[in-house]
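Me: I would like to learn how to read pockets and confidence values in a model. Could we go through one together?
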Amino acid sequence: YTIYTAAHHPFNVYCDFTTDAPFVWTLIESFNRNIGHYGSKVPNSWRFQRAFTINAPYKESEPTHWSAYRMSLVNMRSINSVNTTTHWRATCNFNDFATNKTKDIDRDNYLRQNTCNTNIIGLQAFGCHIFDYVVVRGYVCVRCNFPFWASPSYHSTFLASHTGSYCGRYKFPGATPAHQESDFGHYNGYSTQHSCASYGYSTANWWLGGLYTPESHTML
């Protein structure tokens, strides 16, 4: 799809209208584990090891370059600034669904949050946040108080290994601080049972979106 900034500049995007009704989503970043691993020496890997406050676009005109794609900060901010953008999410291996390799997206590893509680486009510090919906390795928590890590020097991340020690102290089974489990990015440590990090080619996908009313063809 082609959408426009507030200044009427067009840019290409990938949108998902079907998998998470009534939400619609615009992809802002996608990368595989090899390039997202903290300290990776893969060319351009630094772009996928920074918070969303940092401008580090890559393959911006090719939003289906799932292994390494990142939107420019100005375009992220353009999407984030409209009043119809109310949420963000992180998914795993959405490219498998997009290319018809699977019949559904991975729903066992999924994160969705509203931008009022946690605005990732402006977030660059650690904090406790009430998350709308989190699934890690099939374990679900709704409206839970979780820690979330963000810094200009590394990618925003959800550490399932550390949730039992901070904020609401919800503990994911099989997770322990002794073995860091960074989910959906950063990957200073990871679990291969989490599908975003199962293999070097596994992808994490980050999106901005909101609620859509099909009858009126408008965003809520």
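Me: Which strand gives the most to the lining of the largest pocket?

Reply: In general, rolling a probe the size of a water molecule over the atoms shows where empty space is left. A pocket is an open set of points on a 1 Å grid over the protein atoms alone where a 1.4 Å probe fits, with protein on both sides within 12 Å along at least five of seven lines; lining residues have an atom within 4 Å of a point. Here, strand 12 gives the most, with four residues; strands are DSSP runs of E, at least two residues, numbered from the N terminus. This is a predicted model, where local features need pLDDT of at least 70, side-chain atom pairs count only at pLDDT 80 or more, and totals for chains, interfaces and linings use all residues. Residues are numbered from 1 along each chain as its sequence is written, and side-chain values use heavy atoms, without hydrogens and water.

Me: What is the volume of the largest pocket, and which residues are the closest to its centre?

Reply: A volume is the space filled by probe spheres set on the grid points, which are joined across faces, edges and corners. For the largest pocket this comes to about 390 Å³. Of its 22 lining residues, I3, T26, I79, V82 and T84 are the closest to the centre.

Me: What is the mean pLDDT of the protein chain?

Reply: pLDDT is the predictor's confidence in each residue, from 0 to 100. The chain's mean is 93, and 96% of its residues reach 70 or more. Over residues 216–220, pLDDT stays under 50, and the model has 12 contacts (heavy atoms within 4.5 Å) for them beyond four places in sequence.
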